Amino acid sequence: MTDQTITSVSREHRKFRPSAEFKAQANLGSEAAYKKLYAESVNSPEKFWGRQATEQLVWRKPFTKVLDWKSPHAKWFVGGKLNVSENCLDRHLGTYRENKAALIFEGEPGDVRTITYKQLHFHVCRLAHIFENMGVGAGDRVAIYLPMIPEAVMAMLACARVGAIHTVIFGGFSAEAIKDRINDCKAKLVITADGGWRRGKVIELKANVDKAIEGTPTVQTVIVVKRCGNPVTMVEGRDVWWREAWEGAPNTHKAKAFDSEHPLFILYTSGSTGKPKGVLHTSAGYLLGTKLSAHYVFDLKENDRYFCSADIGWITGHSYVVYGLLANGATIFLYEGAPNQPEADRFWQMIDRHGITILYTAPTAIRAFMRWGDNYVLRHHLTSLRLLGSVGEPINPEAWMWYYNMIGKKRCPIVDTWWQTETGAIMITPLPGITPLKPGSGTWPFFGVVAKVVDEHGKEVPRNTGGKLVLTKPWPSMLRTLWGDDDRYQKAYWSEVPGVYFTGDGARQDKDGYFWIVGRIDDVLNISGHRIGTAEIESALVSHPSVAEAAAVGRPDELKGQSLVVFVTLKSGQTPSDELKEQLRNHVGKEIGSLAKPDHIRFAAGLPKTRSGKIMRRILKEIAGGGAIKGDTTTLEDFSVVASLQQEE
Ligand code: WTA
């Protein structure tokens with residue numbers, strides 16, 4: 001890290017205000033009301049959060065103290081007891097929500113299941129008994145390796161019900177990755193399926209688990225859901241079919257109450273180096289953070305049908321498929337498969353067929369839809385949609401505009417939500433009824449969030465100057481530690497600027513106070529003394545009509561410090577040429593300035609991405625530098641992309 005601030009070069013000036021119609025029906029439709037609540041949430045956080053916790057959650061035993069903060073360790077709602085699964089299910093029984101759809105599931109082959117709150121409760125109660133009969137209870141770790149099917153939600157809630165700590169492992173991970181995660185948290189139960197559908201094929205999940213648990217001494221039992229009917233090997237005494245275990249178990253279950261700080265789950269997230277970090281979230285604060293943010297950010301109404309395309313194996317699936325939404329009594333649409341199966345219009349078709357009102361997806365998906373072409377979208381009406389969301393990386397204004405015009409038909413606000421596995425809940429976000437939107441900006445902090453952009457001394461930088469994004473106050477849904485490695489927790493998050501939470505992201509606040517994320521600090525480039533976020537260069541490239549996706553990385557350069565190498569994938573129908581390279585160079589020069597003109601442009605068929613869709617710039621950097629690929633590549637979605645990139649040069 002040099003001691004310069006980040007030069008931020010974005011020149012986005014467009015602003016989109018919520019329509020009078022949206023505003024009138026919004027859960028928060030007045031800016032004055034937001035300002036008042038926000039001021040209270042940061043000036044008197046204990047009063048604000050204490051009131052919210054009392055109003056929003058069902059307690060078995062009231063808490064006696066809102067916050068016990070011994071930096072960097074927080075305890076929220078001290079002395080209180082509750083059950084998270086009761087807050088997601090039982091609280092809705094005996095109300096008008098009892099027979100409301102909790103989950104509407106569509107499998108990739110087209111099978112549909114609707115599960116009401118009452119039915120979901122039955123399933124979870126039965127599973128809770130099964131767990132207890134197996135001796136799985138409070139504090140035990142349970143690994144969940146399932147496709148996006150209702151059983152994944154049931155398994156998570158059943159863990160919460162008996163106080164077991166779940167760790168969901170994304171269904172795309174390999175046996176090796178499963179083994180590492182199980183061994184790190186010493187899980188004694190694994191819940192999996194025979195397989196899951198992806199692009200018309202069966203992903204053999206059980207076979208991966210079998211291989212993984214050859215090397216996991218702690219696993220005693222494996223529960224197997226039958227999803228695809230593919231042949232599997234069942235090990236006598238260890239493996240049991242979900243269906244068979246389920247038979248005869250009672251469908252009522254008296255849930256025990258657990259401490260506010262009882263661990264709820266561990267979710268492994270990859271650092272750029274070293275082994276994955278086991279982010280630990282606990283009960284009451286996490287539930288409150290996800291519930292409150294879902295209510296305001298998604299403007300949830302009783303008759304919404306909400307579709308979040310994130311897999312349950314990511315934090316977005318935990319917070320905004322399961323906990324935050326069920327706690328609000330919402331109807332959640334779950335889809336098992338790929339967005340282009342059988343054709344690239346699957347999402348739009350499902351939105352029309354199920355009357356989906358809210359869509360929450362990721363920029364990487366939006367860019368893929370753009371690349372596949374408008375015709376897939378234009379075949380469908382999309383009139384049921386009223387709100388769109390984005391999460392996972394900065395959304396480039398080009399993609400934002402496409403999402404707004406093509407999917408939202410200029411009618412739906414877009415909530416560009418910035419947050420992390422570690423924050424548990426959305427931290428920087430528009431509130432759709434009030435916030436004037438600027439394409440590409442996450443806009444304002446959510447309640448209780450004090451975000452600042454600071455220099456390397458931890459000093460706040462002036463507006464419109466880039467720096468590091470930090471959060472200066474503890475918040476209820478924050479991670480509590482890294483599983484088994486509190487030292488790493490303190491070092492990774494609380495030591496860059498002592499005593500404040502360092503996000504790892506670079507950002508800038510514009511003159512109106514809007515936050516713009518410019519990418520991970522590790523990805524910031526230093527070109528001729530200017531530190532520039534990769535996101536801004538990529539955004540400039542993607543605003544060129546031929547470009548589908550771009551990734552910018554630095555390569556050591558004697559003269560400039562770093563020279564700028566960009567990898568570009570083109571829209572369908574476009575052909576690579578030297579002329580186009582020159583055009584792109586000039587385009588970036590025009591959009592940003594000549595200092596950001598790429599030194600090298602490489603056309604590529606695909607970019608290396610993590611399984612959650614983030615571009616792995618670390619790998620591109622190694623390719624650009626001509627060196628070998630070092631470090632962890634287990635989170636890579638498709639290794640063949642890397643192989644072909646290496647060949648191309
Ligand atoms: C990035 C996902 C810009 C950011 C919930 C963050 C974003 C990391 C946005 C966390 C956004 C996420 N705008 N950048 N709206 N949302 N990010 O843990 O770099 O998978 O630090 O959590 O994604 O990724 P994670």
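Biologist: How far is a polar side-chain atom of Asp505 from an oxygen atom of the ligand?
Modeller: The separation is 2.8 Å. A polar contact here is a pair of N or O atoms within 3.5 Å; within protein, one atom must be able to donate a hydrogen and the other to accept it, and residues adjacent in sequence count only if both atoms are side-chain atoms. Please note that this is a predicted model, in which local features need pLDDT of at least 70 and side-chain atom pairs pLDDT 80 or more, whereas totals for chains, interfaces and linings use all residues. Residues are numbered from 1 along each chain as its sequence is written, and side-chain values use heavy atoms, with hydrogens and water left out.

Biologist: And what does Gln420 do there, at what distance from the ligand?
Modeller: An N or O atom in the Gln420 side chain is 2.9 Å from an oxygen atom of the ligand. For Thr417, a polar backbone atom is 2.7 Å from a nitrogen atom of the ligand.

Biologist: How much of the ligand's accessible area does the protein cover?
Modeller: On its own the ligand has 530 Å² of accessible area, and the protein covers 90% of that. Such areas come from the Shrake-Rupley method with a 1.4 Å probe; for residues, only the protein chains shown count as cover.

Biologist: Which elements give two or more residues to the shell?
Modeller: They are α11 (315-327) and β25 (515-520). Helices (H or I, at least four residues) and strands (E, at least two) are DSSP runs, numbered from the N terminus.

Biologist: Switching to helices, how do the axes of α6 and α11 cross?
Modeller: The axes of α6 (residues 150-162) and α11 come within 11 Å and cross at roughly 60°. The two helices are therefore oblique to each other. Axes are lines fitted to C-alpha atoms, for helices over the stretch in contact, with angles from 0 to 180 degrees between N-to-C directions. Angles under 35 degrees count as roughly parallel, over 145 as roughly antiparallel, 65 to 115 as roughly perpendicular and the rest as oblique.

Biologist: Where is Pro72, and what is its peptide bond from Ser71 like?
Modeller: That bond is cis, with omega near 0°, and Pro72 sits in the loop between β1 (65-70) and β2 (73-78). Gln341 and Pro342 are also joined by a cis bond, with omega about -5°; Pro342 is in the loop between β17 (331-335) and α12 (346-354).

Biologist: What about phi at Lys186?
Modeller: Lys186, not a glycine, has a positive phi near 55°, in the loop between α7 (175-185) and β8 (189-193).
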